[in-house]
Amino acid sequence: TASASDPSEEARAAAARLAELTGVRQHDVALVLGSGWVPAVDRMSEDAGGHVEFDNTELPGFRAAGVAGHSGKIRSLEVSGKRVLAFLGRTHYYESRDVRAVAHGVRTAAAAGCRVTVLTNACGGLRADMNVGDPVLISDSINLTWATPLVGARFVDLTDLYSKRLRALMLEIDPSLAEGVYAQFPGPQYETPAEVRMARTLGADLVGMSTVLEAIAAHAEGSEVLGISLVTNLAAGITGEPLNHEEVLAAGKAAATRAGGLLAELLARL
Ligand code: 6GU
């Protein structure tokens, strides 16, 4: 069928089903939540007074969730008058190297009307002046997967991939926020110390396994993109400690209050 061959068509089909499930014809803001960011949105949902939540597999084209701490739930809520479509987890490139599945969420959000896409993640910090628990604005990125979500589109300009307007807005909200360049590694293994040195040499400040492919897809759909990373650990070789996923989740929990406050304030000012 056409929907099986064309990602945009499949996204439109998912958006149509979303409208049925939520009773909301148009959403305004997509919020993709990385490890540790879900508590931030839970706080907002309490204030929102009512939301609709369902499993992503209720919509065509979505994969069931895999990793511990990553959910496949999608929540629709209204915050400060904006209709927010929150993905309480994402499909990662490392699950199956299926870039189309990775991009399907942000494409669905764009088809549902979202003109702003907020991508959050947990990442490793590469700079000694970064602290665990710091949210960092993504100023630019390096796509070390060498994959692309783009199909059909050609020569898309990425000069302003991470919206200057949205970054400026975040810095008004919290002038102490750091900015950095995020490198997406393919995963699922963390980087070796040598790969971490390579990333630093290439100009990266943050390393992770998500966000960049989604940012490219959302940007190509005409959405403004904001990326915020939560530094959950320093990358391999920077402290000498081994890395583990539980530490990443724990750091996310600890930072939820500040992260939630930032997201709530952003939604109020959009
Ligand atoms: Cl150190 N690397 C990657 N690729 N992803 C991470 C991370 C490190 N820490 C949290 N997520």
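G105 is buried, with a relative accessible area of 12%. Buried means under 20% relative accessible area, exposed means over 50%, and partly exposed lies in between (1.4 Å probe, protein chains only). G105 sits in helix 5, residues 99-111. Helices (H or I, at least four residues) and strands (E, at least two) are DSSP runs, numbered from the N terminus. Leaving out residues up to four places away in sequence, G105 touches F62 and F87. Contact means heavy atoms within 4.5 Å. R17 is 88 residues from G105 along the chain, and their C-alpha atoms are separated by 13 Å.

H104 also belongs to helix 5. Its relative accessibility is 3%, so H104 counts as buried. Residues up to four places away in sequence aside, H104 touches E10, A11, A14, P60, G61 and F62.

## Basis of the model

This is a predicted model: local features need pLDDT of at least 70, side-chain atom pairs count only at pLDDT 80 or more, and totals for chains, interfaces and linings use all residues. Residues are numbered from 1 along each chain as its sequence is written, and side-chain values use heavy atoms, with hydrogens and water left out.

## Helix 2 against helix 5

Helix 2 covers residues 7-22 and packs on helix 5 at an angle of about 55°, with the axes 8 Å apart. Axes are lines fitted to C-alpha atoms, for helices over the stretch in contact, and angles run from 0 to 180 degrees between N-to-C directions. Helix 2 and helix 5 are therefore oblique to each other. Angles under 35 degrees count as roughly parallel, over 145 as roughly antiparallel, 65 to 115 as roughly perpendicular, and the rest as oblique. The crossing of helix 2 and helix 5 is right-handed. A crossing is right-handed if the near helix is turned clockwise from the far one by less than a right angle, and left-handed if anticlockwise.

Which residues meet in the contact of helix 2 with helix 5? Helix 2 brings P7, E10, A11, R12, A14 and A15. Helix 5 brings R100, H104, R107, T108 and A111. By class, the residues of this contact are five nonpolar, two polar and four charged. Ala, Val, Leu, Ile, Met, Phe, Trp, Tyr, Cys and Pro count as nonpolar, Asp, Glu, Lys and Arg as charged, and the others, Gly among them, as polar.

## Helix 6 against helix 9

Helix 6 (residues 164-173) and helix 9 (residues 245-269) have axes that come within 10 Å and cross at roughly 120°. That angle makes helix 6 oblique to helix 9. The crossing of helix 6 and helix 9 is right-handed.

From helix 6, L169, M170, E172 and I173 take part in the contact. They meet L262, E265, L266 and R269 in helix 9. The contact of helix 6 with helix 9 has five nonpolar, no polar and three charged residues.

## T117 in strand 5

T117 lies in strand 5, residues 116-125. Is T117 buried or exposed? T117 is buried, with a relative accessible area of 1%. The side chains of T117 and S223 are joined by a polar contact of 2.7 Å. A polar contact is a pair of N or O atoms within 3.5 Å; within protein, one must be able to donate a hydrogen and the other to accept it, and residues adjacent in sequence count only if both atoms are side-chain atoms.

Neighbours within four places in sequence aside, T117 is in contact with A30, V106, A218, S223, E224, V225 and L226.

## Loop residues

R154 is in the loop between strand 6 (135-143) and helix 6. R154 is exposed, with a relative accessible area of 57%. Its side chain reaches the backbone oxygen of G152 at 3.2 Å. R154 and G240 are 86 residues apart in sequence, and 43 Å apart in space, C-alpha to C-alpha.

Three further loop positions concern the backbone. The peptide bond from G187 to P188 is cis, with omega near 0°. P188 lies between strand 7 (178-184) and helix 7 (193-201). R97 is not a glycine, yet its phi is positive, near 60°. R97 lies in the loop between helix 4 (93-96) and helix 5, and at 39% relative accessibility R97 counts as partly exposed. T211 is not a glycine either, and has a positive phi of about 75°. The loop of T211 runs between strand 8 (206-208) and helix 8 (212-220). At 0% relative accessibility, T211 counts as buried.
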